[in-house]
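Here are some notes to read beside the coordinates. They follow the order in which I would look things over.

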Amino acid sequence: MKVASYIGLLLGLAVMTALVAWAGVQEIGGLLLASGWSLLWITVIWLPSLPMNTRCWQLLFVPEHMPKFGQALYAQWIGRAINTLLPVASIGGDVVKARALILWGADPHHASAAAVVDKTIDVITIVLWGLIGIALLAAMALDDGLATGSLIGLLALGVGVFGFIAVQRAGMFGYLARLTYRLTGSRAAGRLVGMAEEVDRVIRELYAQRRRLAAAIVWRMAALIWQSGEVWLAAYLLGHPIGIIEAVMLKSLSNTVSDAAFVVPNSYGIQEGAFVLLGGLIGLAPDVSLAVSLAIRIRELLVDVPGLIAWQVVEGRALLARRRA
């Protein structure tokens with residue numbers, strides 16, 4: 001997976017570069033420079049989605065083990081930054097955010113289980129979010145063939161999600177730990193068996209809290225819908241305004257395609273290709289579509305780069321504490 005992520009990064013950057021060169025570097029740069037500092041508002045309008053996603057994750061803990069909102073927000077920010085900027089197949093950040101809570105005193109089993117269920121909720125909402133985009137695409141009668149093909153792919157992803165949930169409830173981590181122990185016979189693997197079985201137990205307990213799961217899905221979906229505002233605002237600031245319905249369609253389907261290509265870090269090239277294709281359906285020229293995509297990436301510098309620095313601070317403090325001990 002790590003090798004695939006590095007290959008995906010190189011291919012994604014190559015596709016992104018080719019698209020920009022094809023649409024015109026001067027044209028795209030001119031659009032971005034003409035908007036100037038006003039593009040920073042795109043980050044501002046996106047920010048509320050971070051606490052929304054945090055609340056989603058917080059609800060996936062058993063109440064007595066629920067972390068404080070501030071801690072969960074900090075860990076969520078770090079995890080998002082890692083998944084966005086590093087070649088970790090959109091999984092490494094979820095591991096790190098659970099580790100951050102553990103370093104701050106959270107129960108390891110509950111933090112790990114909540115991170116697994118949160119990732120599952122993320123994929124479920126992406127399926128629902130994609131259905132919204134496909135419905136809007138069909139309602140606007142822009143491309144029936146694209147809508148049909150997207151629906152088939154999305155339904156296949158949905159079947160995979162429910163299969164993944166079934167595997168989790170059957171005790172996936174305990175099975176893998178026992179298999180590792182039988183193959184290696186190491187004491188370390190033997191110690192992992194009990195821990196993994198406890199994580200499986202907590203996961204089953206979390207899936208039994210259906211009201212909390214439903215509330216978590218609502219919060220995650222609200223965050224995705226809110227993020228459509230950045231597409232609408234970017235197009236407006238670049239001088240090519242679109243309607244909110246078009247912005248929701250663009251954000252929904254570009255998100256779905258990007259998440260499906262999870263081995264490409266930060267969906268470099270994938271997001272840009274989706275914007276060119278979908279933007280063309282609503283009358284946006286390729287250079288404008290690419291400028292919109294690049295404009296919403298500005299928040300990666302303003303939000304996610306500091307998140308990586310915050311991660312190093314957390315790990316550095318933990319290392320110092322261990323050395324003192």
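Contact, as used below, means heavy atoms within 4.5 Å. The model is a predicted one.

1. Val 117. Setting aside residues up to four places away in sequence, Val 117 touches Leu 60, Ile 203, Leu 206, Tyr 207 and Leu 213. Val 117 also belongs to the largest nonpolar core, which has 66 residues; together with Val 292, it touches the most other members. Helix 7, residues 108-139, gives the most to this core, with 12 residues.

2. Aromatic pairs. A search of the whole structure turns up four aromatic pairs. One of these is Tyr 74 with Trp 104, with centres 5.4 Å apart and 15° between the planes. Planes under 30 degrees apart count as stacked, so this pair is classed as stacked. Tyr 74 is in helix 5 (residues 69-85), while Trp 104 is in the loop between helix 6 (92-103) and helix 7, so the pair ties together parts that are 30 residues apart in sequence.

3. A charge over a ring. Lys 97 lies over the face of Trp 57, at 4.5 Å from the ring centre.

4. Thr 43. This residue is found in helix 3, residues 41-46. Buried means under 20% relative accessible area; Thr 43 has 6% and is therefore buried. Which residues does Thr 43 contact, leaving aside neighbours within four places in sequence? They are Ile 298, Arg 299, Leu 302 and Val 303. Arg 99, by comparison, is 56 residues from Thr 43 in sequence and 27 Å from Thr 43 in space, C-alpha to C-alpha.

5. The second largest pocket. Its volume is about 240 Å³. The lining consists of 15 residues, and those nearest the centre are Leu 146, Ser 150, Leu 253, Thr 256 and Val 257. At least two lining residues come from each of helix 7, helix 8 (144-169), helix 12 (244-260) and helix 13 (270-281). Helix 8 supplies the largest share, five residues.

Note on methods
Residues are numbered from 1 along each chain as its sequence is written. This is a predicted model: local features need pLDDT of at least 70, side-chain atom pairs count only at pLDDT 80 or more; totals for chains, interfaces and linings use all residues. Side-chain values use heavy atoms; hydrogens and water are left out. Helices (H or I, at least four residues) and strands (E, at least two) are DSSP runs, numbered from the N terminus. Buried means under 20% relative accessible area, exposed over 50%, partly exposed in between (1.4 Å probe, protein chains only). A nonpolar core is a set of buried Ala, Val, Leu, Ile, Met, Phe, Trp, Tyr and Cys residues joined through side-chain atoms within 4.5 Å. Rings of Phe, Tyr and Trp (its six-membered ring) pair if their centres lie within 6.5 Å; planes under 30 degrees apart count as stacked, over 60 as edge-to-face and the rest as tilted. A charge sits over a ring if NZ of Lys or CZ of Arg is within 6 Å of the ring centre and within 35 degrees of the ring normal. On a 1 Å grid over the protein atoms alone, a cavity is a set of points where a 1.4 Å probe fits but cannot get out, and a pocket is an open set with protein on both sides within 12 Å along at least five of seven lines; lining residues have an atom within 4 Å of a point. Grid points are joined across faces, edges and corners, and a volume is the space filled by probe spheres set on the points.
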